[in-house]
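I opened my notebook to look into a structure piece by piece. I write down what I looked up and what came back.

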There are 2 protein chains.
Amino acid sequence: MCTIANDLAVVEPRIRELVQELSDAPATGTVADALQQVMGEVVDQAVSSSQGGKRLRALLSLDAFDALSGRADMRNAMIDLACAIEVFQTAALVHDDIIDESDLRRGKPSAHKALEATVHSASIGRGLGLMLGDILATACIEIARRAAKQLENGDAIIESFLTMQREVEIGQVLDLGVEMTSLEDPEALAQASLNVFRWKTASYTTIAPLLFALLAAGVDPETARQRALAVGEPLGLAFQLADDLLDVVGSSRNTGKPVGGDIREGKRTVLLADALSAADAATRQELMDMFEAPHRDETQVERAIGMFEQTGAINQSRQRIAVLWHEARKAIADWQLGEQSNQQLIEACARFIPADLR
Amino acid sequence: MCTIANDLAVVEPRIRELVQELSDAPATGTVADALQQVMGEVVDQAVSSSQGGKRLRALLSLDAFDALSGRADMRNAMIDLACAIEVFQTAALVHDDIIDESDLRRGKPSAHKALEATVHSASIGRGLGLMLGDILATACIEIARRAAKQLENGDAIIESFLTMQREVEIGQVLDLGVEMTSLEDPEALAQASLNVFRWKTASYTTIAPLLFALLAAGVDPETARQRALAVGEPLGLAFQLADDLLDVVGSSRNTGKPVGGDIREGKRTVLLADALSAADAATRQELMDMFEAPHRDETQVERAIGMFEQTGAINQSRQRIAVLWHEARKAIADWQLGEQSNQQLIEACARFIPADLR
């Protein structure tokens, strides 16, 4: 586990360097004097928005690569590919924050809010924020393209990177769709929410990092896809379920986030669906009224948490997570790695699930 | 010239087919029943937003490929690469319309407006519109990636496609920067506007279509870049200057657009900069007051057009266009193609400039 700190010490400055280069105007032309200020402001914001992630995805990809391949000559390219996943996440979050009208991200102003303040214009700042998301989304593909050239299965890596990006974009569409889903059919809501987790979260959090490592280590693309999905899908679903659960029960992990944030925002989660499914008629009606209202106050948030507990929804999420984690572990065993590599990969995957939920 | 109709007859349905496939969820997973409706609505909108372009960029790329290469076995891949440019344009326009809060595009509701109506929610519809732009921006790279595999210089084509995308994104940032540029220094404004034309228009309208054709025909990447830039930069600048000029003097080309639309919106154009540069103190002040105000009425629009005429700004734009067109023609001659190919390429390029402005 001592490589984590080392990897972070390499990944963090490398992300900065790559974002600095690739969010700026390419060398194919020059920028007019009068426009250099705005260009500089966007690059600065790109660098700032790229900071502060936990880099779980990059670390998983690097650890999986190390477990699968001993190729030291390829490790720098693998680091860049791992950075590309993180830059993609930043791109997605920048647009996410515009869609959700979020003012904050990782404790700082969100990209479009920061740019609004920098240029003293809400409309131009928001426009620059939207473009910053576009710039980072293209930049991460260019990072992946350069890295893939030095790795095994280069073309399959690029193809998989683009598929990952499409999956997350589809996931965002489906997530907006969940907000329009009726609360009358909680089984359908639970299924829809889990489906969004697969597209919007598991895709780039666990499936793609594992897939890139398998491909870069020379595993044939078809086998690599099957293996990455078998481990990454349950692991990614468990990760998102744990994240939603911790939002309700609290934990040291999500410091700074007040408990019940998802409930306050009226988010349609698997927890809510499970509570609606198990509730008696009166509780169910109360929950439905609460979540169909435009806002929920602190008393209602506490009451909803109580109902999630009483109906057994919280316990059911714990069970869901444990089953998915078991499934992921079983799928890792199917990779038939040596004992040490197997252990290394299990530890890398375990980082996505708090110990008391595994 | 008889190939244009044939090419259009192939390009148009191919764009539809590619967008239909690549704006939908990839085959790597399934979409939950409750979410299939929203997914279908986004795919339908992707197809609808992709229709109705003049396909000038695709035609230039195909004509240049035909002038440079006789490889019939590669033409289908070249058609797909040409479609990728058009899909990229749609992606860029979808985000452009969100930034500019435009309700209409190509005579139909803009993507986000159409989606707002479809889902009966302004915030969710706008979010889906933003994601639709993201989906198309990724889709076009996947189209280019598949096509490039069958063409000469495949990796350089992908690299150039990503560079083109970055250039346009930078151009959009700089265009927002121009809106914040002072009118006190018209020379700097003219320089800044022409700079935006290079990044935001010439990049994907003329430079990239020519570059893809050169690369696909097997010209070495360094030479290809120089040649594409030498022709494409002046041609693209002339195209945008002509477009801005026609917005003021009117033409059959831009049917449906009312004359003076740019002035009404207060757009900072080269025409405005040239008028400010040449105007006497009183006219200059009047123009500055007019363009610094939040709105301009019909009388002011007519008055501004009169001032563009009187100051010689309109004539200067005509001259700028003629000089740039001459430069592009000269650069085509430097490619040293055979007489027939040379003529074919000149005709393909001439389509970007109305005959009376060449």
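These are my entries, one topic at a time.

**Entry 1: the model**

I note at the start that this is a predicted model.

**Entry 2: the contact between the chains**

I began with the place where the two chains meet. How many residues does each chain give to the contact? Chain A gives 61 residues and chain B gives 62 residues. Next I looked up the area. The size of an interface is often given as the accessible area lost when the parts come together. Chain A and chain B bury about 5,500 Å² between them. Carbon and sulfur atoms carry 71% of that area.

Then I turned to the polar side of the contact. I found 20 residue pairs in polar contact between chain A and chain B, with both residues at pLDDT 80 or more. Which elements of chain A give two or more residues to the side that touches chain B? They are helix 1 (3-22), helix 2 (36-50), helix 4 (75-99), helix 6 (122-148), helix 7 (154-178) and helix 8 (186-216) of chain A. Helix 7 of chain A gives the largest share, 16 residues.

**Entry 3: salt bridges across the contact**

Side chains of opposite charge can pair when their charged atoms come close. I looked for such pairs between the chains. The count between chain A and chain B is six salt bridges.

I picked R145(A). It forms a salt bridge with E159(B), and the closest N and O atoms are 3.7 Å apart. R145(A) also meets D155(B) in a salt bridge, at 3.2 Å from N to O. R145(A) lies in helix 6 of chain A and D155(B) lies in helix 7 of chain B, so this pair joins two chains.

Is R145(A) buried or exposed? R145(A) counts as buried, because its relative accessibility is 5% and the cut-off for buried is under 20%. D155(B) is partly exposed, with a relative accessible area of 34%.

I followed the links further. R145(A), D155(B) and E159(B) belong to a network of salt bridges.

**Entry 4: salt bridges within a chain**

I searched the whole structure and found 54 salt bridges over all chains. I noted two of them that lie within one chain.

D7(A) pairs with R75(A), with the closest N and O atoms 3.2 Å apart. D7(A) is in helix 1 of chain A and R75(A) is in helix 4 of chain A, 68 residues apart. Both D7(A) and R75(A) are buried.

D96(B) pairs with K200(B) at 3.8 Å, N to O. D96(B) lies in helix 4 of chain B and K200(B) in helix 8 of chain B, so the pair ties together parts that are 104 residues apart in sequence. D96(B) is buried, and so is K200(B).

**Entry 5: helix 14 of chain B**

I looked up the length of this helix. Helix 14 (residues 313-334) of chain B has 22 residues. From its first C-alpha to its last it reaches 32 Å, close to the 32 Å expected at 1.5 Å a residue.

Which residues of helix 14 of chain B are buried? I listed A313(B), I314(B), S317(B), I321(B), L324(B), W325(B), A328(B), A331(B) and I332(B). Just after the helix, Q336(B) takes a positive phi of about 55 degrees.

E101(A) is not a glycine, yet its phi is positive, about 50 degrees. E101(A) sits in the loop between helix 4 and strand 1 of chain A. E101(A) is exposed, with a relative accessible area of 55%.

N153(A) has a positive phi near 55 degrees. Its place is the loop between helix 6 and helix 7 of chain A. N153(A) is partly exposed, at 24% relative accessible area.

E142(B) is in helix 6 of chain B. It is buried, with a relative accessible area of 2%. Leaving out residues up to four places away in sequence, E142(B) touches E159(A), L162(A) and L22(B).

S49(A) is in helix 2 of chain A. It is buried too, at 15%. Beyond its neighbours within four places, S49(A) is in contact with T90(A), R106(A), A111(A) and L132(A).

Note on methods. Residues numbered from 1 in each chain as written. Chains lettered and ligands numbered in written order. Predicted model: local features only at pLDDT ≥ 70, side-chain atom pairs only at ≥ 80, totals over all residues. Heavy atoms only, no water. Helix = DSSP H or I, 4+ residues; strand = E, 2+ residues; numbered from the N terminus. Expected span 1.5 Å × (residues − 1). Buried < 20%, exposed > 50% of the residue type's maximum accessible area, 1.4 Å probe, protein only. Contact = heavy atoms within 4.5 Å. Buried area = accessible area lost by both parts, 1.4 Å probe. Salt bridge = Lys/Arg side-chain N within 4 Å of Asp/Glu carboxyl O. Polar contact = N/O pair within 3.5 Å; in protein donor to acceptor, adjacent residues only side chain to side chain.
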